Amino acid sequence: MDKYKHSGKPGRLKGRGKLCQAILAAAANFRRWRRNPQIVMAFCLAFILCFLLSDKVIRFSERHDTLLQLAEPFIWTFGDAVSVLVISLILLLAFSDMPNLGNEVPFFLIRMNRRIWMLGQILYLLSATMIFMVFILVSTWILTGSRAYLANLWSETAAILGYSKIGSELYIPSFVKVMELSFPYESMLHIFGLMLGYGVLMASLILYLNLWKDNGGVIGGIVFSGFGIVLNPSLIADWFGISMERMKVANILFGWISPLNHATYYMHNFGYDNLPRLWTSYVFFGAGSMIVFILSMIRIKKYAFQFTGTGKG
């Protein structure tokens with residue numbers, strides 16, 4: 001007995017919802033992970049980055065014989081713009097070939113329309129970014145090892161780094177206002193959410209630009225990341241010799257218009273400045289990603305598919 005019953009349109013499956021079809025299209029992308037050196041390299045680089053950035057915090061804790069709260073290595077590692085920027089460049093490596101045009105794509109396009117297939121690419125992009133960020137978070141937990149405790153209280157290590165000059169001397173972004181106005185797990189979840197929002201927005205932009213021109217997404221991703229570097233207040237101050245008073249205004253202005261600053265936890269309003277609120281950044285990333293996704297759904301109607309090989313899948 002035929003497993004699928006066709007509707008009036010040939011090649012279209014009845015009994016499978018559009019969402020199920022989109023999930024199948026997304027799953028096809030994940031099946032290529034095991035044979036894709038690009039994905040393997042991205043995860044390896046992410047783990048190496050976690051090791052290099054969190055090693056300073058962990059070694060400091062070992063030297064002073066102090067413990068760490070489990071979330072602190074992640075908070076101090078990815079609480080500043082530079083770390084978020086490096087992670088975005090690794091994501092650029094992972095998503096540079098979106099949309100993936102494997103040997104199974106012609107079959108999917110026969111069985112479903114273009115918009116459903118594109119929805120599958122968007123689902124893949126969202127879930128892959130989530131998996132990547134979870135991998136980074138868990139990596140910092142693993143690297144912390146036996147020096148961590150679970151209580152939702154800042155450690156003695158964090159107090160030393162935050163309330164002395166040692167943190168800045170070691171280039172560890174431990175900020176007093178973060179410790180005074182939030183708890184470790186709360187900070188961890190917000191940093192995770194901001195990084196996820198920034199990653200999804202950049203990946204969606206890569207997808208959309210690749211639909212316009214091959215490798216256009218790579219160029220767009222580099223420009224997107226470079227835009228955040230240029231709108232760094234301290235960098236602008238060094239270039240143009242801006243005074244401290246004007247730098248405060250620039251810091252607020254760039255905090256509102258720079259995606260990278262939106263993704264940086266301490267660049268938010270904790271109750272006594274005019275920087276964006278956390279919810280503002282979540283809306284910024286969510287609305288921006290949704291707009292780009294809609295543009296991609298529109299663009300796919302005119303996209304010219306080109307399949308260059310029929311090798312084994």
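Colleague: Which residues of helix 1 meet which residues of helix 6?

Modeller: This is a predicted model, in which local features need pLDDT of at least 70 and side-chain atom pairs count only at pLDDT 80 or more, while totals for chains, interfaces and linings use all residues. Residues are numbered from 1 along each chain as its sequence is written, and side-chain values use heavy atoms, with hydrogens and water left out. Helices (H or I, at least four residues) are DSSP runs numbered from the N terminus, and contact means heavy atoms within 4.5 Å. In helix 1, Lys18, Leu19, Gln21, Ala22, Ile23, Ala25, Ala26, Asn29 and Phe30 meet Ile116, Trp117, Leu119, Gly120, Gln121, Leu123, Tyr124, Ser127, Ala128 and Ile131 of helix 6. These residues divide into 13 nonpolar, five polar and one charged; Ala, Val, Leu, Ile, Met, Phe, Trp, Tyr, Cys and Pro count as nonpolar, Asp, Glu, Lys and Arg as charged, and the others, Gly among them, as polar.

Colleague: At what angle do helix 1 and helix 6 pack?

Modeller: Axes are lines fitted to C-alpha atoms, for helices over the stretch in contact, and angles run from 0 to 180 degrees between N-to-C directions. Helix 1 (residues 18–31) packs against helix 6 at about 55 degrees, with the axes 7 Å apart. Helix 1 is therefore oblique to helix 6; angles under 35 degrees count as roughly parallel, over 145 as roughly antiparallel, 65 to 115 as roughly perpendicular and the rest as oblique.

Colleague: How is helix 6 placed against helix 15?

Modeller: Their axes lie 9 Å apart at an angle of about 150 degrees, so the two helices are roughly antiparallel. Arg115, Met118, Leu119, Ile122, Leu125 and Leu126 of helix 6 meet Phe293, Ser296 and Met297 of helix 15. By class, that contact has seven nonpolar, one polar and one charged residues.

Colleague: Why does the length of helix 6 agree with expectation?

Modeller: The expected span is 1.5 Å times one less than the number of residues. Helix 6 (residues 114–144) has 31 residues and should span 45 Å, and its end C-alpha atoms are 45 Å apart, which agrees.

Colleague: What is found at the start of helix 6, and what follows the helix?

Modeller: At the start, a side-chain oxygen of Asn113 reaches to within 3.1 Å of the backbone nitrogen of Arg115. Gly145, with a positive phi near 60 degrees, follows helix 6.

Note on methods:
A polar contact is a pair of N or O atoms within 3.5 Å; within protein, one must be able to donate a hydrogen and the other to accept it, and residues adjacent in sequence count only if both atoms are side-chain atoms.
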